[in-house]
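Student: I'd like a close look at one residue and its surroundings. Please keep it brisk, and give each cut-off once.

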Amino acid sequence: MRLHIADHPLITHKLTVLRDKRTPSPVFRQLTEELVTLLAYEATRSVRVEPIEIETPVVKTTGVALSTPRPLVVPILRAGLGMLEGMVKLVPTAEVGFLGMVRDEETFEPTTYAERLPDDLSDRQCFVLDPMLATGGSLGAAIEFLFKRGAQEVTAICLLGAPEGVAAIEKQVAGRDVTLVLGSLDERLNEKGYIVPGLGDAGDRLYGTV
């Protein structure tokens with residue numbers, strides 16, 4: 001597994017505002033979108049392209065276009081939805097699938113309750129969106145789901161991660177082509193499985209507690 005932790009003052013600044021408990025939901029959503037676009041820039045460095053010939057106003061030249069099949073972006077519901085717009089702004093031709101997962105607050109184990117994905121992901125580059133990598137349960141289950149569908153390469157983008165979650169993902173995906181891109185690697189998990197210092201429950205802060 002490849003781990004990339006973003007090191008940019010704009011990302012750190014935006015994360016600081018996200019962490020502040022006084023930041024209202026509209027601002028939180030806007031900053032999340034901006035952060036994901038910045039993280040997606042790093043996450044898509046190895047996106048597959050193929051050469052194409054074009055004609056500029058001056059001369060013919062060769063450029064590149066995204067290869068087919070197109071990349072697949074998979075937000076984990078519900079909090080991952082808040083990251084989707086920032087990702088598709090950078091890769092507007094990507095296809096979008098969905099995975100609904102919920103974590104048991106006592107056992108921390110994830111359960112898949114909904115999915116909307118192609119039946120065959122052979123030769124697809126998949127990008128999973130999940131704001132928080134805490135225990136690694138939900139993200140690990142999502143990655144495993146994609147590989148079982150035939151995915152060859154998975155990149156996960158998270159705003160924050162805990163060392164425990166990173167270790168869990170690394171152990172689970174051993175031998176597979178997985179890249180993990182984080183906005184920040186935080187200190188630890190607390191006894192409730194929340195990231196410290198973290199930013200609280202990303203879904204609640206994006207959309208409220210309903």
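Student: Does Ser-184 count as buried or exposed?

Tutor: Ser-184 counts as buried, at 16% relative accessibility. Buried is under 20% relative accessible area, exposed over 50%, partly exposed in between (1.4 Å probe, protein chains only). The model is predicted: local features need pLDDT of at least 70, side-chain atom pairs 80 or more, while totals for chains, interfaces and linings use all residues. Residues are numbered from 1 along each chain as its sequence is written, and side-chain values use heavy atoms, without hydrogens or water.

Start with the residue itself. Ser-184 belongs to strand β11, which covers residues 178-185. Strands (E, at least two residues) and helices (H or I, at least four) are DSSP runs numbered from the N terminus. The side chain of Ser-184 makes a polar contact with the side chain of Asp-186, at 2.9 Å. Such a contact is an N or O pair within 3.5 Å, one able to donate a hydrogen and the other to accept it; sequence-adjacent residues need both atoms in side chains.

Now the surroundings. Setting aside neighbours within four places in sequence, Ser-184 is in contact (heavy atoms within 4.5 Å) with Ile-5, Leu-15, Arg-19, Leu-159, Leu-160 and Gly-161. Take Ile-5 from that list. Ile-5 sits in strand β1, residues 2-5. Ile-5 is partly exposed, with a relative accessible area of 35%.

Strand β1 also brings in a charged pair. Arg-2 forms a salt bridge with Asp-177, with the closest N and O atoms 2.3 Å apart. Asp-177 lies in the loop between α5 (163-172) and β11, and Arg-2 in strand β1, so the pair ties together parts 175 residues apart in sequence. A salt bridge here is a Lys or Arg side-chain nitrogen within 4 Å of an Asp or Glu carboxyl oxygen. Side chains of opposite charge can pair when their charged atoms come close. Asp-177 has a relative accessible area of 28%, partly exposed. Arg-2 is partly exposed too, at 45%.

By this rule the model has 13 salt bridges. One of them joins Arg-48 and Glu-153, at 3.6 Å from N to O. This pair also links distant parts of the chain, 105 residues apart: Arg-48 is in the loop between α2 (25-43) and β2 (49-55), and Glu-153 is in strand β10, residues 153-161. The contact list of Ser-184 includes Leu-159, Leu-160 and Gly-161. Arg-48 is partly exposed, at 29%. Glu-153 is buried, at 11%.

Another salt bridge pairs Asp-204 with Arg-78, at 2.5 Å from N to O. Asp-204 is in helix α6 (residues 202-207) and Arg-78 in the loop between β4 (72-77) and α3 (81-90), a link across 126 residues. Asp-204 is partly exposed, at 27% relative accessibility. Arg-78 is partly exposed as well, at 30%. Salt bridges with shared partners also join Arg-48, Asp-123 and Glu-153 into one network.

The unreviewed UniProt entry lists residues for "binding site", among them Arg-78, Thr-135 and Gly-137. Thr-135 lies in the loop between β9 (132-133) and α4 (137-148). Thr-135 is partly exposed, with a relative accessible area of 23%. A polar atom of the Thr-135 side chain lies 3.3 Å from the backbone nitrogen of Gly-137. Gly-137 is found in helix α4.

Notes: UniProt positions are given in the numbering used here, feature names are shortened, and annotations may be inferred rather than shown by experiment.
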